[in-house]
Amino acid sequence: MNIKQRLTRLCAAVVAAVTLVGVAACGGTNNGGGSTASSGDTILFGGDAGSPTFVRNFNPFSTSKRQGINFMYEPLEVINAIDGTLTPFLATGHKIVDAKTVNFTIREGVKWQDGKDLTPADVTFTFDLIKKNAALDTLGVWQHIDSIETSGNDVVFHLKSDDVPGATVIAQQLIVPEHIWKDVKDPVKWTNENPVGSGPYQLDQFTPNQYTLKKNQTYWQKDKVAAEKIVLPASNKQLDLVNKGYDWAYSYMNNVDKTWAGQKDKYNVYWFPPGGTVSLFPNLTKAPFNDVNFRKGLSYALDREKIAKDAEEGYVEGATQTGLLLPNQEKWVSSSIENDGKISQDSDKALEYFAKAGYTKSGDKLVDASGKQLELNITVPNGYTDWLRGVQTMQSQLTKLGISVKLTQPQPAAYTQAQNNGDFDLIISSFGGSGNIFQDYNNLLNSEFALPVGQSTSANFERYSNDATDALLAQLKSATDDAAQKKIVDQLQQVVYDEVPVIGLFYGGLWGLFSNKNFTGWPSADNPYAPPTTWTQAMLLVVTNIKKAEH
């Protein structure tokens, strides 16, 4: 199974994990029916999928919803996961009153697509709706909120604790119209076949093989919306992306300069920014992985740049050992950590640390005190060919030090179960990329997730636990001052660098493919205003930024 074919399995298997295991793995396409070639005022969009055909489900709270919903409904603010910035949408912005109170001012003059006014009452209704129906709370906003009140155009959220990062979670909640949803008997099961949103597009035509969206002519910022239509075919085969002239798609492509950028009269471009840190997670409940010297030995044994090149064809770089996603989070880099936290391969240092952990060289083998060779078992999901290439390179590097390395490759569902339950010695997984520095470190390090082996957790799969680190996370959660946040993040970087709870390997890419034939201004390394993903709210940033091409 190649990277593209594994999309459906991966996303179903790992979405509950919250972390970005699916950064590379969710980057793919699916099988299905035919598609229509792009035209000058239409975006041919490779961002939805059937199985192999579409089900007409436009419930914005459903886990099986159509991805086109992100063009129809809007949140209070849209986060750019590249740098963590928020762009106001249904709210004109928010104010952190104090660490337990956040105030969103709701935009005036916005209408639902049926012509009715959008008001603060719709906002409070939406949050009350997901409180009453917990299955709709897919973002977990009510883990943060204690109560809500309105005052004019302001909606004030009182939080359960000091929780500054909670504002970012609340901001991303899609808002629905009260006048429609108040009469829905079962909002969890409702498929909302004729959606009424506030966004730049509304449903036009729907078939099991393809659906189209048309521009919302009453949209509050319609002058920023260049495309009149968006076509979403069920077939997003990689060959179709090129041959049928897609304008925007998401797919890992081998030799992308030839297979994509070398096609279609040189209009095709791509952008593969980092979207998460693919890492080696040691099971910290087991020896020898609970010994920091052993983990440092592993860290210095690896040539991360070689691993990255072999895994992702040079599209991404080797990761640092700070937990930061670079260059996305470069403003957070600590000046006190050498070389931005990048660890170069050093076999002598690796052997020194292994010796401290009780493993020494005997001939061409690394052995314990009894003379038994060190044996490692690394779990990597079956079918994730890019990760497997990286692991095979890592296997070769460790073998040269005298370590015997076995690879276990369960199917995606079994892999996810093993990861969540702690049923592994070493496992390849991923973290970070949320755009929220607190969330990235919290998911990696908070002992709240360090459940006993055998119990399923949604983060901190290595089961790291440290009271001092928990205290730092709590401080970061309540810090309202930028300088204070930076000081705390510096310390969290030091924790990851010194204690090596995970070993960063390489950055998982976001595989954005674009064509400048009909539209220009796509996100890029020079203008990273949005990630190139095709399933997030950041799609709203893209369709309100691109312009019609002038050739």
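This short talk walks through a few local features of one predicted protein model.

Hi everyone, a word on the ground rules. Residues are numbered from 1 along each chain as its sequence is written, and side-chain values use heavy atoms, with hydrogens and water left out. Because the model is predicted, local features need pLDDT of at least 70 and side-chain atom pairs count only at pLDDT 80 or more, while totals for chains, interfaces and linings use all residues.

Let's start with aromatic rings. A pair of aromatic rings is described by the distance of the centres and the angle of the planes. Rings of Phe, Tyr and Trp (its six-membered ring) pair if their centres lie within 6.5 Å; planes under 30 degrees apart are stacked, over 60 edge-to-face, and the rest tilted. How many aromatic pairs does this rule give? The count is 33. Take F54 and F206: their ring centres are 6.3 Å apart and their planes stand at 45°, so this pair is tilted.

F54, at 5%, counts as buried, and so does F206, at 18%. There is also one aromatic cluster formed by F45, F71, Y201, W248, F514 and W522.

Next, helix α9, residues 292-301. Eight of its 10 residues are buried, among them F294, L298 and Y300. At its start, a side-chain oxygen of D291 comes within 2.8 Å of the backbone nitrogen of N293.

Most residues other than glycine have a negative phi, and most peptide bonds are trans. Yet A287 and P288 are joined by a cis peptide bond, with omega about 0°, and P288 lies in the loop between β13 (274-282) and α9. Another cis bond runs from L326 to P327, with omega near 5°; P327 sits in the loop between α10 and α11. T322 is in the loop between α10 (304-312) and α11 (347-356), and T322 is buried at 1%.

R463 is another case, with phi near 65°, in the loop between α14 and α15 (467-478).

Finally, the second largest pocket. A pocket is an open set of points on a 1 Å grid over the protein atoms alone, where a 1.4 Å probe fits, with protein on both sides within 12 Å along at least five of seven lines; lining residues have an atom within 4 Å of a point. Its volume, the space filled by probe spheres set on the points, is about 680 Å³. Of the 31 lining residues, G84, T168, W332, I437 and Q485 are the closest to the centre. Where does this pocket lie? Domain 2 (73-182) and domain 3 (276-509) both give residues to the lining, so the pocket lies between them; the domain bounds come from an automatic or database domain assignment.

Note on methods:
Buried < 20%, exposed > 50% of the residue type's maximum accessible area, 1.4 Å probe, protein only. Helix = DSSP H or I, 4+ residues; strand = E, 2+ residues; numbered from the N terminus. Polar contact = N/O pair within 3.5 Å; in protein donor to acceptor, adjacent residues only side chain to side chain.
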